[in-house]
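This report concerns one protein model and is intended to be read alongside its sequence and coordinates.

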Amino acid sequence: NNDFEWYFSEEYVENFDYEVTALHPISTTEVAVFTENSIYYVVPTTITVNDVERVAYQYYKSRIPLGCNKGSDIVTSYDGKYTIFSTKRGLVAMSYQDFVNSTEQALTFLSDNISQAYFDWNKGAVKLTLYKYWLIVYRLDTDKLFVYDMRNSSWWPMQYGIIQQVTEIKQQLVVLSRDLLYVPDTGDDNYKDDF
């Protein structure tokens with residue numbers, strides 16, 4: 001009947017204060033658990049039970065009062081230094097060290113210089129795609145999107161048809177819109193107001 005169930009022992013169950021909206025690795029051993037209003041991180045540790053060492057997981061709640069919406073993307077920068085996600089306060093770049101209690105409040109809000117435009121647009125799940133120097137920030141329910149240039153922290157508002165997905169295929173940026181694939185001009189030495 002195609003039913004499939006996983007059994008997890010009660011010792012592996014962790015309850016959170018809100019629904020989990022995303023999971024994202026923040027180091028080689030740790031995972032961040034996002035809800036809409038908070039972030040937890042999961043750290044493996046070794047415990048001894050009946051003289052046998054076992055791996056257990058500790059859950060820590062961050063003091064950061066932000067999370068991400070259900071269906072939103074979380075990406076890691078190409079250098080692996082930043083975890084980037086959209087919050088109700090704006091687009092955030094957070095380094096791994098930000099999860100440590102002494103420095104976790106040191107977030108970088110990438111969208112501050114377009115804050116009102118981003119606040120007005122930031123409704124629902126925000127999708128993110130990294131490509132070369134750019135971060136494409138879009139939603140599936142509007143034709144408006146933003147491109148963030150990481151070289152100079154500039155924002156480029158754009159408008160296309162409703163986008164279904166932005167991805168990279170064979171080192172080329174591809175946009176799926178209305179079930180058609182488009183290859184946008186990504187040259188950075190000439191501006192064209194069209195695909």
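## Basis of the model

This is a predicted model, in which local features need pLDDT of at least 70 and side-chain atom pairs count only at pLDDT 80 or more, while totals for chains, interfaces and linings use all residues. Residues are numbered from 1 along each chain as its sequence is written, and side-chain values use heavy atoms, with hydrogens and water left out.

Strand S5, residues 74–76, contains Ile 74; strands are DSSP runs (E, at least two residues) numbered from the N terminus. Ile 74 counts as buried because its relative accessibility is 13%, where buried means under 20% relative accessible area with a 1.4 Å probe, protein chains only.

Beyond its neighbours within four places in sequence, Ile 74 is in contact with residues including Ala 22, His 24, Phe 34 and Phe 85 (contact: heavy atoms within 4.5 Å). Pro 25, 49 residues away in sequence, has its C-alpha 9.8 Å from that of Ile 74.

## The sheet S9-S10-S11-S12

Four strands make up an open, antiparallel sheet ordered S9-S10-S11-S12; two strands pair if DSSP finds at least two bridges between them. Its edge strands, S9 (127–131) and S12 (154–159), each pair on one side only.

S9 and S10 (residues 134–138) run antiparallel and are joined by five bridges. Lys 127 stands opposite Tyr 138 in S10.

## The sheet S13-S14-S15

Three strands in the order S13-S14-S15 form an open sheet with antiparallel pairing. S13 (163–169) and S15 (180–182) are the edge strands.

Three bridges connect S14 (residues 172–177) with S15 in the antiparallel sense, and Leu 176 stands opposite Leu 181 in S15.

Definitions and conventions: Buried means under 20% relative accessible area, exposed over 50%, partly exposed in between (1.4 Å probe, protein chains only).
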